[in-house]
Amino acid sequence: MNHLSKEELIEQYYSKGTGGAGQHLEACAQCAEAYAELRSDLEAMKFSEPPARDAAYGERVWQSISGSLPAYERRKRNWLGIGMMRGLSYAAASALMVSAAFYAGRLWEHKQPRTAQVSTPPPAPAQEHTAPPTERIVVVILSDHLDRSERLLVQLKHADAGSEEMLSPLRDEARSLLAANHICQQNMKQEDDPALATALDRLDHLLAQLANRQGGLDAAALSQLQDEMKSDSLLFEVRVLRSRIPDRRPATNDRSEGGTI
Amino acid sequence: MFRMGTNDHEAIRAVLGGDREAYGILVKRHSQSLFRVAFRITRNESDAEDVVQEAFLRGYRKLEGFESRSNFGTWIYRIAVRCALDKISGRRWDDSSRVAEENDPEQEQVQVADEAAGPDRLLLSGEIGALQEAALHSLTDTERTAFVLRHMEDCTSEEIGAALGIPPNAAKQAVFRAVRKLRSRLAPLRMKR
């Protein structure tokens, strides 16, 4: 038979006999004797009892400490104030960050179309999500192109075949407009605007003759071009188209941008 | 206005709501029990009173962390035990009349010397209680507190562990060690009984 350890005996004593060693103690005289000795020792330990406190003791304790206790309400209000200050700081910082991000976005956005106008060809038709910038580029070019074309046609209408000084810039301008006209024609293939497409085709024909005529522009050639222009009512048509297309160019540098195509 | 019949949780809600006076109800209600345990640990009336005040001050500062499902009496009791331990820990280092006798490597706490005279003289003068007090004083702080809470306050191992901030099994072992040491020191008295 395994006897109870000292720890088990102590546990049995403090558990007021409810421990699991009760049965063993009834059966084992040796452990019962050890337990009786332990109980005798522990029961003999009479330590001094705390001195009695009168009924007013609690009141005295309260009086001694109450003066040093801050009210929770006041502390909460302070914490609320600190919390509000902290919250406002976070809000201000967040607003600053949002403003900075917005301003950076605006700058970036402002820069993007400019780059596209100067260096990139119009986007592929499949990229529908880029439609707004594509449309904007076409409109800017088209309106600018029609402006320049109108001026050229006016100059051509009043041109004098004897003045080489006048005809040479007309040829140069026609060459420049011819390249721009090709781009506009390509873009017009995506648009359902037959009037504009027809006008651009006629303009293309006229510009090509003006720019690439063999042997330069003599009086006969100039007269022929002026007649074609009149018969086609090309100048009138360009003016009508120009008035139909809204001028959505930004206020700065648009003309020069349009001219660099 | 709160009366003494107000239960602890209502009083705590009132305190946290800004009614500082409601804490007075808790202080008056639990001062006696706190003084009793504080005295049993510190063995000094003045120190015990200091411990009671300190415990209620700490309790007030921590009141926001008190969980409503807990028992305030048990909660403040544990705080008082910790305060009492702090008190005797500080007092021991201030008390130059007592010297270290041996170290308890398990607890890493210095034991104070048994300042009692021989058992014969104590028996003759009828100062058995003084010898017992001295034996109790020879225990480490943890052992003594665990023993006091078990032997006098009738606390369970779980309650002792919670009060001392140690696992229940460690609290039980501290009680075992305390009983063994006390019996060993008080063995001469057993022979005379």
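The following legends describe close-up views of a predicted model.

Residues are numbered from 1 along each chain as its sequence is written, while chains are lettered from A and ligands numbered from 1 in the order in which they are written. Because the model is predicted, local features need pLDDT of at least 70 and side-chain atom pairs count only at pLDDT 80 or more, whereas totals for chains, interfaces and linings use all residues.

**View 1. Overview of chain A.** Chain A contains 11 helices and zero strands (DSSP runs numbered from the N terminus, H or I of at least four residues for helices and E of at least two for strands). Of its 261 residues, 18% count as buried (20 or more other C-beta atoms, placed from the backbone, within 10 Å of the residue's own). Among contacts in chain A with a separation of 6 or more, 68% join residues 24 or more positions apart (a contact requires C-beta atoms, placed from the backbone, within 7 Å).

**View 2. Packing of α2(B) against α3(B).** Helix α2 (residues 22-42) and helix α3 (residues 45-61) of chain B pack at an angle of about 135°, with axes 8 Å apart (lines fitted to C-alpha atoms over the stretch in contact, with angles from 0 to 180 degrees between N-to-C directions).

View 3. The buried residues of α3(B) include A48(B), E49(B), Q53(B) and G59(B). At 1.5 Å a residue, its 17 residues should span 24 Å, and the end C-alpha atoms are 25 Å apart, which agrees (the expected span is 1.5 Å times one less than the number of residues).

**View 4. Packing of α7(B) against α8(B).** The axes of α7(B) and helix α8 (residues 157-164) of chain B come within 10 Å and cross at roughly 140°. That makes α7(B) oblique to α8(B). T142(B), T145(B), A146(B), L149(B) and R150(B) in α7(B) meet I160(B), A163(B) and L164(B) in α8(B).

**View 5. The side of chain B that touches chain A.** Here 37 residues of chain B are in contact with 26 residues of chain A. Helix α2(B) gives the largest share of this side of chain B, 11 residues.

Definitions and conventions
A residue is buried if 20 or more other C-beta atoms lie within 10 Å of its own, exposed if 12 or fewer, and partly exposed in between; C-beta atoms are placed from the backbone. Two residues are in contact if their C-beta atoms, placed from the backbone, lie within 7 Å. Angles under 35 degrees count as roughly parallel, over 145 as roughly antiparallel, 65 to 115 as roughly perpendicular and the rest as oblique.
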